[in-house]
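Here are a few friendly notes to read alongside the model. Please keep the viewer open and look up each spot as you go.

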Amino acid sequence: MMSWVALAPPLLATLALLALLGAPVSLALRLRGYASLVVGIAAAFAVLALSPILASILGIPWSPIPPIAVSFALALILLPLRRWVGTRWQRPSRPHRLRVPLGSAALGGAAIAVALVMSMKSADAISQTYDANFHLNAVRQILDLGGAAPYDLDLAAPGQSVFYPALWHGLVALVVQLSGASIPLATNAVLFVVCAVVWPIGAVALGRAVAGPNARATLASGIVAAAFPSFPLALAGYGVLYPNLLSTALIPFMLVAVLQLLNLGRARWSDPLPPGTRWLLLLGTLGAASLAHPNALHVSLLWCAFPVLAAVLRAVRRRPARPLAIAGALSGALLFIVAIAVAWYIGRTGDNPWEGSRGPIGAAIDALGSTPRLEGHAWPVTLLILIGAVLAWQRRRLRWALGSAAILALFFIVAYGFPESAWRTLLLNPWYNDSWRLASLISIGALPLAVLGATALLAIGWIGVRRVLAATGTPPRRRRTLIVAAAAGAAFLLAATQGAGAYAGVQYVSTKYVAGEDSQLLSPDERALIERLSDHVPEGETLANNPWNGGALAYALADYPVLVPHTGGTYDPRITEMTSTLETGDSQACTIADELDVSYVLDFGTRYVFKNTPRAEPFEGITDVEDSPVLTEVDREGDAVLYEITGCP
């Protein structure tokens, strides 16, 4: 466990940076209590989304200076406007104090952090997955070139102008600069903060917005934040989808603003915000989440469909009728429908032929079991959701929560339960038709219901503790009773929700971080060889590599450019012409190597991130090439070999 000490500097740097970027906005708006924390985190990520674009326009290299400057500039802009968008200095009422919701978020965050530690095994573990090459190398490119705007990352298409959401990578680059940590360490530090800090804080805010600001609902929200193994835990392994994970973690902050604007649930009584601040929270979080990954927009539109419908029905049914209110509600609903159509039209992605394999019934059971795409089921969590569903149905003002949960579950069922078809692609294309991505969204829909159910159980436990204390002759003082009941109820619920589901999540993620001879992407031998490249290779030399094994990570880990930094991309066709025939000493291959200024080759064998993939065939000429007449071995670690091109004329 001592190896985890190395995570402390980048972890503290990440937390300090988010606090520094978010605090000026919260202070300028004169927010207090938990609302200040919610708005502060959203503001920090909004600044991180906006500042790289401004820095790129102004020609300023990416560093902590641009986001800090943007944060303070934004605060200065808000200061004279706070009469309209801020609030007066005031001591928050008891339910809005910071310590109870923060403690609840810390409880859920601690459970998630423990699961991550158990899954990853070491602080600088590297995900052994398809997208790891891109995400780690993208951070290196930002550090080398000094640009973190969405149009600056051309890693997968050098020289081409492409849009790629770079919020995650820009943040990791800042953590590297501030802490001096390696890219893997900084990546994992940001992963821990997003999973175990940002997500629980947002989840508690959303739970309170639905169930109310009392201590039971607040405590239940923190526990439920860690109850779904499909998010954030599974996304820490699958893909690995760092940008998608970040965007999903930010969605609850946006939903809190939506509920306050629509005056649904208990949102305006839990962590109240002035009307102007609600809009700032909505737009700021929407922008940040979308620049982390555009899927955030699609998820939010699905989740908000039923709250918008509930608000429209409320306006229409109100007596006496208010024509202007009805017209406004109907106009808003029409704009919402247009937004959905536009989002689905412009948010098209690659049409991957991933089909459902479980059938509709099997997919529905997986969704109901609260562990979609993972082994086993978390029935205690399902019980909380079902209790919450009954309570939401009984409370007419909360029935929209049933729809929000159902629609996200339905999209997963379509993805995992139905074969490829035109209508399925129409619905699921924004998620690449990928059931894993949609599985992670079930928690966003089910969380309010689970919080309602957990709150009800905690209330029953509180009543039971009071009766026991009364029966034993102990004075049932409210404060002591509440503490005892809360501790007992929290311990029970936490244990119940961290059973089979958490185990399944940890087991799954562990398989994605295995560091051994059978590692899918980067073995310990390959990593050791990369980390001592500077002993043999002059600085700045470009290396020929096979992107389907760990060779591409020489860029992220040792700062040596590689010909193919990602498994999927559009690169110079001469590269594969060279890598397919270099081992034979083909004259054309030698000519191309000279044109590309490549003198060294990484041969990491045939353990590929995708087994037996034909897409690795163009790189066979630099794989298992110990008998090549043009290559001379320079360094070796097990089966990992560094060659120098010495036999070309």
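1. Start with the hairpin that β3 (631-637) and β4 form, which has two residues between the strands. In its turn, G638 has a positive phi of about 65 degrees. β4 covers residues 640-645, runs antiparallel to β3 and is joined to β3 by six bridges; strands pair if DSSP finds at least two bridges between them. L631 stands opposite I645 in β4. Strands (E, at least two residues) and helices (H or I, at least four) are DSSP runs, numbered from the N terminus.

2. A word on the source: this is a predicted model, where local features need pLDDT of at least 70 and side-chain atom pairs count only at pLDDT 80 or more, while totals for chains, interfaces and linings use all residues. Residues are numbered from 1 along each chain as its sequence is written, and side-chain values use heavy atoms, leaving out hydrogens and water.

3. The peptide bond from F231 to P232 is cis, with omega near 5 degrees. The bond from G239 to V240 is also cis, with omega near 0 degrees. Most peptide bonds are trans, and most residues other than glycine have a negative phi.

4. Which value of phi does K121 have? It is positive, near 75 degrees, in a residue other than glycine. K121 sits in the loop between α5 (99-120) and α6 (132-145).

5. R373 is not a glycine either, yet has a positive phi of about 70 degrees. You will find R373 in the loop between α15 (359-368) and α16 (379-394).
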